[in-house]
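Take a look at the model below. Turn it slowly before you read on.

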Protein chains: 2
Amino acid sequence: MPGIVEFWFDFSSPYGYFASHFVDQVAAKAGRSAVWKPFMLGSVFKETGARPLADVPLKGPYCLRDWDRLGRYHKVPWVLPKPFPIATLAAARAYYWLDGQDPGVAKAFAREVFATYFGKGVDVSPAEVVADIAEQLDVERAALLAAVEQPQWKQRLKAAGDEAITRGVCGSPFFIVDGEGFWGSDRLAMVADWLDRGGW
Amino acid sequence: MPGIVEFWFDFSSPYGYFASHFVDQVAAKAGRSAVWKPFMLGSVFKETGARPLADVPLKGPYCLRDWDRLGRYHKVPWVLPKPFPIATLAAARAYYWLDGQDPGVAKAFAREVFATYFGKGVDVSPAEVVADIAEQLDVERAALLAAVEQPQWKQRLKAAGDEAITRGVCGSPFFIVDGEGFWGSDRLAMVADWLDRGGW
């Protein structure tokens, strides 16, 4: 049985947003499923000593221009949201809560979180905004608002972050296929080639 | 007249090494020329606060595996040299000195420096080793050894580093095409698409 394609990302990661449009097709073309795994990139930054890209001299201006350009290249809506970056705890906890009930709904929700933040520029850090997004998918908002404050789902997200570090996830997005990690949205073509050829 | 494809790199950059195998074909396919511009990545690191990749937690182990894998993916010789990384002042100064005489020889020399360091694992930091490499291309070794100590060529390399920072080069390799910067060897496909479509 072919393995899954793991898609590790932070909801506040522009490169994660761009990758989110393509990862399922890349997996499906190889007869595999993509499993989305949000985590807090900040916990990885603590290990690597990285700072948010937009704040880094030279890299910041480069990335701002690159993101605009990637929107055009991929024909995907793009706005630089304000504030940016943000803590996406509520969205990530809600994702795992939904995933426990219906992975399809969880993925649709994740797409909508990305589209709301990077497609429309709306701050998705407040739990109320996350609940608004989920409500469009017929998720009961009171249940979601309760879930994101429950220790179980806080712990679930924390465990995802711990797993990310244990497994060598060094940024967002990060793909794991057949035990191989691939870092960056610009590696999706390489992931596709790996799947197609069964590795190199 | 179509513009050139600028290829900015450090001779001690594995991703620069991988890109060096493909950048000329990418440019030529679009009827353009690639111009190679070595610089000292350390001067960019001073701006960005970056550290050599292999020393960074999570990213270090990722890159070591990635480089091995890229060798297989690109069917290009690869060994992790010792020591790594190194200061490549002598090679970069020699490059600019040769480029002033014969850009074709300079590029052949640059390929051979990369092949010696990352293909064979030989430390290319000593000027004597750089002279050995150039000698195979019929470059007089005494002239090269003198040139890499001359203020003119020291200054030429320093000017390249200053220009890199002024123009937003934030890592190695970095391509500049039609005023657009592209960072990373995994962006060469995007550079090719840019050249093919005349931008997006």
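Predicted model: local features only at pLDDT ≥ 70, side-chain atom pairs only at ≥ 80, totals over all residues.

Residues are numbered from 1 along each chain as its sequence is written, while chains are lettered from A and ligands numbered from 1 in the order in which they are written.

Start with chain A. It has ten helices and four strands. Both are DSSP runs, numbered from the N terminus: helices are H or I with at least four residues, strands are E with at least two. From the N terminus on, the order of elements in chain A is β-α-α-β-α-α-α-α-α-α-α-β-β-α. The radius of gyration of chain A is 16 Å, close to the 16 Å that the globule rule gives for 200 residues, so chain A is as compact as a globular protein of that length. This radius is taken over C-alpha atoms, and the globule rule is 2.2 Å times the number of residues to the power 0.38. Along the principal axes, the C-alpha atoms of chain A fill a box of roughly 50 × 45 × 35 Å.

How much of chain A is buried? Of its 200 residues, 44% count as buried. A residue is buried if 20 or more other C-beta atoms lie within 10 Å of its own, exposed if 12 or fewer, and partly exposed in between, with C-beta atoms placed from the backbone. Contacts also reach along the sequence. Among those in chain A between residues at least 6 apart, 68% join residues at least 24 apart. Two residues are in contact if their C-beta atoms, placed from the backbone, lie within 7 Å.

Now find the sheet of chain A. Four strands form an open sheet in the order S2-S1-S3-S4, with mixed pairing. Two strands pair if DSSP finds at least two bridges between them. The edge strands of chain A are S2 (34-38) and S4, each pairing on one side only. S3(A) and S4(A) are antiparallel and share four bridges. There, A:Phe174 has A:Trp183 in S4(A) as its bridge partner.

Helix H10(A) lies across S3 and S4 of chain A, at about 5 degrees to S3(A). For such angles, axes are lines fitted to C-alpha atoms, for helices over the stretch in contact, and the angles run from 0 to 180 degrees between N-to-C directions. H10(A) spans residues 188-197, and its buried residues are A:Leu188, A:Met190, A:Val191, A:Trp194 and A:Leu195. Seen down the axis of H10(A), these fall within an arc of 160 degrees, so they line one face of the helix. The arc is that of the directions from the helix axis to the C-beta atoms. On the other side of H10(A), A:Asp196 and A:Arg197 are exposed. What covers the buried residues? The cover includes H1 (14-20), H2 (23-29), S3 (174-177) and S4 (180-183) of chain A, together with H4 of chain B.

Move to chain B. Its four strands also form an open sheet in the order S2-S1-S3-S4, and the pairing is mixed. S2 (34-38) and S4 (180-183) of chain B stand at the edges with a single partner strand each, so one side of each has no neighbour in the sheet. The twist averages 20 degrees from one strand to the next.

Follow the strands of chain B across. S1 (5-9) and S2(B) run parallel, joined by five bridges. B:Glu6 has B:Val35 as its bridge partner in S2(B). S1(B) and S3(B) run antiparallel, with four bridges. S3(B) and S4(B) form a hairpin with two residues between them, and B:Asp178 in the turn has a positive phi of about 55 degrees.

In a regular strand the side chains alternate between the two faces of the sheet. S3(B) gives an example: B:Phe174 and B:Ile176 point one way, B:Phe175 and B:Val177 the other way, and all are buried.

Last comes the contact between the chains. It takes 24 residues from chain B and 24 residues from chain A. On the side of chain B, H3 (41-48), H4 (59-74), S4 and H10 each supply at least two residues. H4(B) gives the largest share, six residues.
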